[in-house]
Amino acid sequence: MEFSYHNPTAIEFGAGSIKTISDSINKDHKVLVVYGGGSIKKNGVYDQVIKALENHTFLEFSGVEPNPTVETMNKAVKIVKEENIDFILAVGGGSVIDGCKYLAAASLYDGDAWDFLDGTAEVQRALPLGVVLTLAATGSESNHLTVVSKKETDEKRMYFSNHSYPQFAVMDPSVMATLSDRQLGNGLVDAFVHTSEQYITYPTSALVNDGYAETLFRGLVKLADTWEDRRTQPWLENLMHIANQALNFQIGAGVPQDWSTHLIGHELTAYYNLDHARSLAVVQPYLLEVMGEEKEAKIAQLGKNVFGIENDNAGVIKAIEEVYNKVGVPTKLSEYEIDDKVISNVSNALTNNGYTAIGENGTVTLDKVSTILTMSMK
Ligand code: NZQ
Ligand code: ZN
């Protein structure tokens, strides 16, 4: 077991916590408040943020789209540079947060900041970033991962940087009251797959990682089983807490990780605009089946410790699918409008990105990807 783990994001969790941003952001800063398509204006989040910043100097940038693009975020980079902004406040879900992580780094970079995405350059510095989270799913609010797209080329790429951790993340679960069932279901599935990608690999002796991941899984299964309570405060609080813990990379510290479901899913979103979580749900069950031998021991452990299923790995995969279906997320690619180029589109994109042998053992090759997508299309 060997790992370094340093997560500097301060968490403010609970109803009414948005007001804490008044004190968390230095009054000498000139702030850019960044948000998406306007949901925050309908649920009171915008008003709370503006009230909390009444003694700060700030500008606004809106219109960050789901699956944020560099085309949009580069417009914000221009504003940051022209207006000498020195603090970014992201108000939204994973898309706004990721867009702002890119913005914070791109604003202090002289070249084309796509360099961070294609691996040409590493982030050396970034403006300070704060987050007001409005959607529980990605964990982006307290991690160092950025996922952004380039519309021009249909690419969705990602990078890690220790300069991307937000300084703080405000998590008030009551602001999730205005999320649609679709977004709540998506959030639960994304968190489940994040936990899976750091757990369903091969056995290790890491008791803490296994035990904590299983706690997160059990929590998500319980939330799926109590889907009818999804509009209650405890349900929303738990989803927000679990989704955060599922991808602050603590359960992955020092253990093998997979991420092939995400890499394949990202390409489905890039080409077919599937919601992020939905792109994962149509890949993971078949990936677990195709990679079933290598993952045999961990699927069995998940079955025993989370679902109470023994000696039936096919039954465990079925149980995972049932979790997704209970929250309204389909597990078949054939449920969506997908053309017959899907396999070549995904394979070509994976090849271009250097992802031809992915997964914890580097054994998820393009022929496996093709099998996985074919199974999902049936
Ligand atoms: O744009 P607005 O108006 O805010 O509406 C959003 C958006 O339409 C809406 N929404 C958010 N909070 C709301 C709300 N509507 C009503 N009430 C609220 N309280 O929800 C829609 C989806 O938002 P989005 O931010 O796109 O969702 P999510 O948080 O799932 O983020 C998805 C993005 O994160 C990336 C995904 O690839 C995708 O681009 N990911 C980022 C990760 C990371 N940085 O760690 C890891 C993930 O695996 C993932 O790849
Ligand atoms: Zn995800």
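Two strands are taken to pair if DSSP finds at least two bridges between them, and helices (H or I, at least four residues) and strands (E, at least two) are DSSP runs, numbered from the N terminus. The structure described here is a predicted model, in which local features need pLDDT of at least 70 and side-chain atom pairs count only at pLDDT 80 or more, whereas totals for chains, interfaces and linings use all residues. Residues are numbered from 1 along each chain as its sequence is written, chains are lettered from A and ligands numbered from 1 in the order in which they are written, and side-chain values use heavy atoms, with hydrogens and water left out.

With pairing defined in this way, strand 4 (residues 87-92) and strand 5 run parallel and are joined by five bridges, with Leu89 standing opposite Gly130 of strand 5. Strand 5 also pairs with strand 8 (residues 168-171), again in the parallel sense, over four bridges, and here Gly130 stands opposite Phe168. Burial is judged by relative accessible area, where buried means under 20%, exposed over 50% and partly exposed in between (1.4 Å probe, protein chains only). Five of the five residues of strand 5 (residues 129-133) are buried, so this strand is largely enclosed by the rest of the structure.

Ligand 1 is surrounded by 31 residues, of which the closest are Gly37, Gly94, Ser95, Thr134 and Thr178; a residue is near a molecule if one of its heavy atoms lies within 4 Å of it. Polar contacts are pairs of N or O atoms within 3.5 Å; within protein, one atom must be able to donate a hydrogen and the other to accept it, and residues adjacent in sequence count only if both atoms are side-chain atoms. A backbone N or O atom of Gly94 lies 2.7 Å from an oxygen atom of ligand 1, a polar side-chain atom of Asn67 lies 3.1 Å from an oxygen atom of the ligand, and a polar side-chain atom of Thr134 lies 2.8 Å from a nitrogen atom of ligand 1. Of the 960 Å² of accessible area that ligand 1 has on its own, the protein covers 90%, the areas coming from the Shrake-Rupley method with a 1.4 Å probe. The elements that give two or more residues to this shell are helix 5 (94-106), strand 6 (145-150), helix 7 (181-197) and helix 10 (260-272).

Asn67, one of the residues in polar contact with ligand 1, is placed in the loop between strand 3 (57-61) and helix 4 (70-83). Asn67 is buried, with a relative accessible area of 18%, and has a positive phi of about 60° although it is not a glycine. A positive phi, near 55°, is also found at Asp154, a residue other than glycine, which lies in the loop between strand 6 and strand 7 (155-160) and counts as partly exposed at 36% relative accessibility.

Elsewhere, Ser347 is found in helix 15 (residues 342-352) and is buried, with a relative accessible area of 12%; a polar atom of the Ser347 side chain lies 2.7 Å from the backbone oxygen of Ile343.
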